[in-house]
Amino acid sequence: MSSPLPSSWGQHLDGEFETPYMQALRAFLRQQKDDKRVIYPASEHWFRAFELTPLSKVRVVVLGQDPYHGPDQAHGLCFSVRPGVAIPPSLSNVYRELASDDVDFTPPNHGFLESWARQGVLLLNSVLTVERGQAASHRGQGWETFTDRAIAAVNEQCQHVVFLLWGSYAQKKAAFVDRSRHLVLHAPHPSPLSAHRGFFGCHHFSRANAFLAEKGEPPIDWRLPETP
């Protein structure tokens, strides 16, 4: 696992690939493959969030936990699924909140969020791989440390970024973000188990755009193409 990162990220994160924790993660993933376990997403998509959203272009950060563990779902962006795959319940609730917010959003018939990533929305999971059918199966193997470093790079190298932290896990992971330079918004997770506790009505998307406009940055176009 030599560094697969684009240069904007690589200059801050390439050193991580030589650390003991990353070498241990590499050994774990190699053993998983040797044991014929199916890993999601495909290896070419493990770092897709970094490829689509260069560090210099990050304007919004959304933090997830693990990739989806069902067939054909995960492709390297948190909350997003491939075209043609059923929209997961949490993403359906994100769409519901977007539709009620003041951002001119109509829910599409898919869950493919690459257009957000290309605008500067870093859709980053804390853990970048998972075993098929085994939720959270790759937690505690080293990915969390790597993604902590990525969040730290955004915090230190970027200005006026909006962090959308949904649920206690994301809120703890990004607790160190400098609120004097960035906007940090908290809400419950959009899961059906918790969305009614305050995710609905949080207006995070319009609040993010208002902050970006105040700082002289273009807003995010949260609309998604009907055909991805």
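This is a predicted model: local features need pLDDT of at least 70, side-chain atom pairs count only at pLDDT 80 or more; totals for chains, interfaces and linings use all residues.
Residues are numbered from 1 along each chain as its sequence is written, and side-chain values use heavy atoms, with hydrogens and water left out.

**The whole chain**

- The protein chain has eight helices and six strands; here helices (H or I, at least four residues) and strands (E, at least two) are DSSP runs, numbered from the N terminus.
- Reading from the N terminus, the order of elements is α-α-β-α-β-α-α-β-β-α-β-α-β-α.
- The radius of gyration is 17 Å, close to the 17 Å that the globule rule gives for 228 residues, so the chain is as compact as a globular protein of that length. That radius is taken over C-alpha atoms, and the globule rule is 2.2 Å times the number of residues to the power 0.38.
- Along the principal axes, the C-alpha atoms fill a box of roughly 50 × 35 × 30 Å.
- Buried residues make up 54% of the 228 (buried is under 20% relative accessible area, exposed is over 50%, and partly exposed is in between, with a 1.4 Å probe and protein chains only).
- Take the contacts between residues at least 6 apart in sequence: 68% of them join residues at least 24 apart. A contact means heavy atoms within 4.5 Å.

**Surface and charge**

- The accessible surface comes to about 10,100 Å², and 48% of it belongs to carbon and sulfur atoms. These areas come from the Shrake-Rupley method with a 1.4 Å probe, and for residues only the protein chains shown count as cover.
- There are 22 positive and 23 negative side chains, and the centres of the two sets lie 3 Å apart. Lys and Arg count as positive and Asp and Glu as negative, while His and the chain ends are not counted; each charge is placed at NZ of Lys, CZ of Arg, CG of Asp or CD of Glu.

- Strand β2 covers residues 60–64 and runs parallel to β3, with five bridges joining them. Two strands pair if DSSP finds at least two bridges between them.
- One of the facing residues is V60, which stands opposite V121 in β3.
- β2 also pairs with β5 (residues 162–166), in the parallel sense and over three bridges; there, V62 has L164 as its bridge partner.
- Five of the five residues of β2 are buried, so this strand is largely enclosed by the rest of the structure.
- In a regular strand, side chains alternate between the two faces of the sheet. For β2, V60, V62 and G64 on one side and V61 and L63 on the other are all buried.
- β3 (residues 121–125) is mostly covered too, with five of its five residues buried.

**A look at L124**

- L124 belongs to strand β3 and counts as buried, with a relative accessible area of 1%.
- Leaving out residues up to four places away in sequence, L124 touches F50, V62, L63, G64, C78, T147, A150 and I151.
- L124 and L164 are 40 residues apart along the chain, and their C-alpha atoms are separated by 11 Å.

**Back to T106**

- T106 has 59% relative accessibility and so counts as exposed.
- The C-alpha atoms of T106 and V162 are separated by 22 Å, and the two residues are 56 apart along the chain.

- Most residues other than glycine have a negative phi, and most peptide bonds are trans.
- The peptide bond from Y40 to P41 is cis, with omega near -10°; P41 is in the loop between β1 (39–40) and α3 (48–52).
- A136 is not a glycine, yet has a positive phi of about 65°. This residue lies in the loop between β4 (130–131) and α6 (143–157), and is partly exposed at 30% relative accessible area.
- H160 also has a positive phi, near 60°. H160 is in the loop between α6 and β5 and counts as partly exposed, at 24% relative accessibility.
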